[in-house]
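Hi everyone, thanks for making time for this one. I'd like to walk you through a structure today, so let me put it on the screen.

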Amino acid sequence: MSQDVALDHVTMRFGSVTAVRDVSLTIAAGEFFSFLGPSGCGKTTILRMISGFMEPSDGRIRIGGRDMRGIGPNKRPTALIFQNLALFPLMTVADNIAFGLEVRGVAAADRRRRVRELLELVALPEVADKKVTELSGGQRQRIAIARALAVEPAVLLLDEPLSALDLKLRQHMRAELRAIQRRTGVTFVYITHDQGEALTMSDRIGVMSRGVLEQVGDGQTVYDDPATAFVASFVGEANRFPGTVLDAADGRAAVDTPFGRLLGRNPRGLKAGDRAILFVRPERLAVAPDGTADNRVEARVSHRDFEGAFVNAFLTGAGDRRIVVQMPHLGSEPAFVPGAAATLTFRPADAVVLPPDGEA
Amino acid sequence: MTAERFRRLLVTVYLVLFFGYLFIPLGIMAAATFNTSRFPTVTPWLGFTLDWFRVLYEDHRMWQALGTSLVVAAGVIAVAVPTGLAAALLLDRLHSRARTFLYALMVSPLLTPGVIIGISTLIFWRTWFDLSGGIVLTVIAQSSFIAAYAMLLFLARLQRFDPTLEEAALDLGATHLQVFRRITLPFLMPAVLSAAFIAFLQSFENYNTTLFVRGLDTTLTVYIASKVRTGLTPAVNALSLILIALTIAGAVTYEVLRRRDARRALAEQARAEREEASGDGAPVPAAARVPARA
Amino acid sequence: MTGVLHRYGPVLTGFIVLVVALWVVMLVVLPQILMIDFSLRPMLPPSRVGGPEDVYTLANYMTLWTNTIHLGIFVKTIWASALVTAVTLAVCYPMAFYLAQVAPKRRLPTFMMLLVIPFWINEILRTFAWYIILAYSGPLNNLLVGIGILDAPVRFQGDGSVILGMVYAYILFMVFPVYNAIESLDRHQIEAARDLGAGWLRIHWRIVLPHARPGIAVGCIMTFMLAAGSYAVPLLLGGPQSRWFTEVIYNWFFEGGNWNQGAAYAFILLVLCIGFILLMMRLFRVGLTDIAK
């Protein structure tokens, strides 16, 4: 049923602008794959090329091994859920869901049966005869999913479908989308700029920036082992310590930063003299009164945000550089009194040294 | 009297004069229908009669002209509405210079005097296709500018169309023709109706263009004009009165429908915005509760 | 063009392009070109068309210059149409301003309906109404004699009645464009100007009129074009001494039987209208895109 999607050196140019640059990737059959990136990074262009609304300028797209060049969107085994859902306002819910079957010439009785099944699947069995304009935002969302699934696509493409919903509903829908994907086994290709969505739902994530696929991996890999400076700063929060590599050995690099010499992992094999940024997640920083650790950062507390389960402390040091520390609220964490001096430490294994963007 | 009150009085006087200027002539023309005078007038009033309706009813040439007008109008609707639709669909998808140029070309018949449209049509079809004046040429000549009206109506409606609906239908496997028939055309249906209505009215009342291309056929408007010149009786007023009554009924219906449509669109928009603002009562995701089958 | 193909597919695109091409080429462009071609050739019997005498010449255009009666009618048509346009603007501007800025919102639909209804009614009928009023034994003569302004009835038919009838017939082509333009003016601008001490005249001259330029240009263009190209109004309301240029054109076709001559006159009328459009665009400093809306 579900099929894989293979992108082979895909490039898309609009005039002098290159929207997608040499992307190669295989999305496995039955996988939940997300393209994550800021707006304008080319992720929507990729989706429109897979669905057939655009042809790549260069490269090849295969679905289930079949080359898709020259095959229109109505002939591809894909179904797209639009950002604005694009439900047909002049049709009832049932007619919307049955539309794909109707144009394929499926008999009316079979269509009705299938509509019932799909409405069950999305847990809205009673809305078949309503107009789509009478539905709430969340209901419309589900009808759009049902309509796309009705044509039994091998690949379901989703273009930020949750962006119009409020936060609470968005979180419900994440779980529901994931559940529907598991039940149907269809390959999901999901587009989002929301890292929370990408991290919670996806089997794998492709992080994109300015038309380039920066990194592909599961959520934890992308978060823990970012391949580029862009990924490190776009996915999750990260403290940046820019500087120059002093020496590198045993998979580690020491960077000369405004805070002094700091040590981190060196996955990209940077050499002494290279420009580099050392990234540390806020939750990997600790306050060390004894000052025994390798990496010591002297800073001063500017303020503290209490978030319930967490405490975020904002500090400045080495001139006016900002540092964020996040700690679980266990009652035993430091008080972070504004103006107080603090020494922050972190393990070299918790920091990663990467070249600045554009110097890869 | 204060300046403010004086200004109000001035406004009232102006409004009365303006609407008086608009409606008194029509009222006098209507009233003359019921005067027994052989020449249509309200002065002197010789007595009330309905006889001019009978005279009109017995006028064979009037019925013939009415028939011609209806045939021409039907022809114009059949030609101008699809043409205007095709033009609007094309313009809606074009951009930049080509669009501006084509648009200017398409609306140019609206800025051209009707007599010139009639003359150029007559010369062209006579010379190249040996087609002389008559019903067919009248349909052609009228359609050449009425199609532009239809195009403007379709273009206005298309501006409110969400093109992702077409993409969605295409994505679900529909052919382009199916998309047009099931998605685009139903959306444009109100504009099709108003375009047909406008086309009918424009065709029915056209005089300047028709005059040159009618040949020996006489439309109702041409007939009225010729009656005024020769053989004027209040029967012409009776005919005018009926036409005005029908026109007013049509105009009121059209306006009422148009406003209802506008109100509905507004209400729907307000509803959507309210929902955005309030959010949903997020039900427990059902599929998440059901264990996976696969 | 590829956008069109993508959106509508080959069959529908083919149909669309074919229909539009037929319309634009066969009904709009070629007839005009052939009319111009006709106007540049002498009238010849069918047997000699295409023969050695069938050459391009400006003779048909010279006719207007040498025929003083026709030239007089042409000039009269120009100034009378301009006068109609000016009077119509003067009559309509207050109404457009009142509707757009002053009238209470709840009464607007009624006013609009009252304006739209005569707009829907056949031009011939609207002119016929004035024919009755202005008739020798009609109500206007009776009224004027009755209250002692006139001693005896007058023959109104002539240039004056034609202009009056045209203002009446084309009033709404002026009201609506001007109304639309003034309607988009922010009321606060007027209030701000008044607050700064500007009088009403200055407010209109400096604030409202400049804002309404595109609407006024469109209204004037439509009114002038309709007036200069009108056949019905002069036919019904004009006397034997007050012929209109369109009537001269008509006579070349259906009484003189000289189509080439008629085509030349028709083209002169078209050039006049185009010239007026250009003049308005210059005068009101608006572009083609403002007009073609």
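In chain A, the C-alpha centres of domain 1 and domain 2 lie 39 Å apart. Those domains are residues 5-229 and 237-354, with bounds that come from an automatic or database domain assignment.

Before going on, a word on what we are looking at: this is a predicted model, where local features need pLDDT of at least 70, side-chain atom pairs count only at pLDDT 80 or more, and totals for chains, interfaces and linings use all residues. Residues are numbered from 1 along each chain as its sequence is written, while chains are lettered from A and ligands numbered from 1 in the order in which they are written.

How many residues of domain 1 of chain A are in contact with domain 2 of chain A? Four residues of domain 1 are in contact with four residues of domain 2, where contact is defined by C-beta atoms, placed from the backbone, within 7 Å. On the domain 1 side there are two nonpolar, one polar and one charged residues. For those classes, Ala, Val, Leu, Ile, Met, Phe, Trp, Tyr, Cys and Pro count as nonpolar, Asp, Glu, Lys and Arg as charged, and the others, Gly among them, as polar.

The C-alpha trace of chain A spans about 75 × 45 × 30 Å along its principal axes. Its secondary structure comes to eight helices and 20 strands; these are DSSP runs numbered from the N terminus, with helices being H or I of at least four residues and strands E of at least two. Of the 360 residues of chain A, 44% count as buried. Buried is defined as 20 or more other C-beta atoms within 10 Å of a residue's own, exposed as 12 or fewer, and partly exposed as in between, with C-beta atoms placed from the backbone.

Two loop residues in chain A are worth a look. Leu85(A) sits in the loop between strand 6 and helix 2, and its phi is near 75°, a positive value in a residue other than glycine. Leu85(A) counts as buried because it has 21 C-beta neighbours inside 10 Å. Glu152(A), in the loop between helix 4 (137-150) and strand 7 (155-159) of chain A, also has a positive phi, near 50°. With 15 C-beta neighbours inside 10 Å, Glu152(A) counts as partly exposed. For background, most residues other than glycine have a negative phi.

Now, how do the chains meet? Two pairs of chains touch, and the most contacts are between chains B and C. There, 68 residues of chain B are in contact with 67 residues of chain C. Helix 1 (residues 3-32) of chain B gives the largest share of the chain B side, 11 residues. By class, that side has 47 nonpolar, 17 polar and four charged residues. Chains A and C do not touch, and their nearest C-alpha atoms are 8 Å apart.

The contact between chains A and B takes 28 residues from chain B and 35 residues from chain A. Which helix gives the largest share of the chain B side? Helix 7 of chain B does, with seven residues. Seven of the eight residues of this helix are buried, among them Leu165(B), Glu166(B) and Asp171(B). The buried residues of helix 7 of chain B pack against several elements, including helix 1 (43-51) of chain A and helix 1 (2-39) of chain C. After the helix comes Gly173(B), with a positive phi near 105°.

One more helix in chain B: helix 6 (residues 135-158). Its 24 residues should span 34 Å at 1.5 Å a residue, and the end C-alpha atoms are 32 Å apart, which agrees; the expected span is 1.5 Å times one less than the number of residues. Of those 24 residues, 18 are buried.

Last, the largest nonpolar core. This core has 280 residues, and Ala150(B), Ala96(C), Val178(C) and Ala266(C) touch the most other members. A nonpolar core is a set of buried Ala, Val, Leu, Ile, Met, Phe, Trp, Tyr and Cys residues joined through C-beta atoms within 7 Å. Helix 7 (residues 159-183) of chain C gives the largest share, 17 residues. Both domains of chain A give residues to this core, so it lies between them. Among the residues that Ala266(C) touches are Val115(B), Ile119(B) and Met35(C).

How values were computed
Lists of a residue's contacts leave out its neighbours within four places in sequence.
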